[in-house]
Amino acid sequence: MEKEVDNALSTVHSKVNGVKTSLQSFIRKVEMGGVVWPDVHENFSTVAGQLNPLQKVLTRDETPDLQNLVLLPLMTSQGPDTNLEQITEGRIPYLAAEALPNYLRVKMDLEIEKKEELVANEVSRISEHNLQQQIYDFNKLSDSLVDIIQQCRDSWTIPFHHPGFLIPITRNLTN
């Protein structure tokens, strides 16, 4: 079982690193400026192409259920741990006893728990009829927005003033 987990983790790690490298490259290009739409589309296609095999690895039957594994630190230290810092790429420089609960938190903060409880109480006070009415109103609003967007899309024109040049889409203001 331990060998299967190690193999699965190394496969997932390599796939995630590939996605991360592609995203970092894309972010660098965007920050440098001068990115054109075909490049953006190509980068998104690359990332999507890398996410698909990652998803297949995570969902295939041979992959052990990594969600049920428990992570327990073997030791904590007060000073910086270069190995830990290298593994986490500088995100966690040391694993001290004070920081450990934040890194391994399985329970929400008390403040977040209270907010979630308030939201749950508000939701439980809404009657079934009111809830159905809100859903109906939301769907009606969504449908009308889709109609408006479709009407706007139908009224757009794409002018070509010179062969080979695409001028940005402009909306026909005569309607």
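Modeller: One definition is needed at the outset: Ala, Val, Leu, Ile, Met, Phe, Trp, Tyr, Cys and Pro count as nonpolar, Asp, Glu, Lys and Arg as charged, and the others, Gly among them, as polar. The model is predicted, with local features requiring pLDDT of at least 70 and side-chain atom pairs pLDDT 80 or more, while totals for chains, interfaces and linings use all residues. Residues are numbered from 1 along each chain as its sequence is written, and side-chain values use heavy atoms, with hydrogens and water left out.

Biologist: How do the residues of the lining of the largest pocket divide into nonpolar, polar and charged?

Modeller: A pocket is an open set of points on a 1 Å grid over the protein atoms alone, where a 1.4 Å probe fits, with protein on both sides within 12 Å along at least five of seven lines; lining residues have an atom within 4 Å of a point. The largest pocket holds about 760 Å³ of space, a volume being the space filled by probe spheres set on points joined across faces, edges and corners. Its lining has 21 residues, and Leu-71, Pro-73, Leu-84, Ile-87 and Leu-95 are the closest to its centre. The division is 15 nonpolar, 4 polar and 2 charged.

Biologist: Which element gives the largest share of that lining?

Modeller: Helices (H or I, at least four residues) and strands (E, at least two) are DSSP runs, numbered from the N terminus. The chain has 6 helices and 2 strands, in the order α-α-α-α-α-α-β-β. Two or more lining residues come from each of α3 (82-87) and α4 (100-103). The largest share, 3 residues, belongs to α3.

Biologist: What span does helix α2 reach from its first C-alpha to its last?

Modeller: The expected span of a helix is 1.5 Å times one less than its number of residues. Helix α2 (residues 37-59) has 23 residues, and its span is close to the expected 33 Å. The value reached is 33 Å.

Biologist: Why does Asn-43 count as buried?

Modeller: Buried means under 20% relative accessible area, with a 1.4 Å probe and protein chains only. In α2, Asn-43 is buried together with Val-40, Val-47, Leu-54 and Val-57, and the cover of these residues includes α1 (2-32). Beyond four places in sequence, Asn-43 touches Phe-26 and Lys-29, where contact means heavy atoms within 4.5 Å. Asn-43 counts as buried because its relative accessibility is 11%.

Conventions:
Buried < 20%, exposed > 50% of the residue type's maximum accessible area, 1.4 Å probe, protein only.
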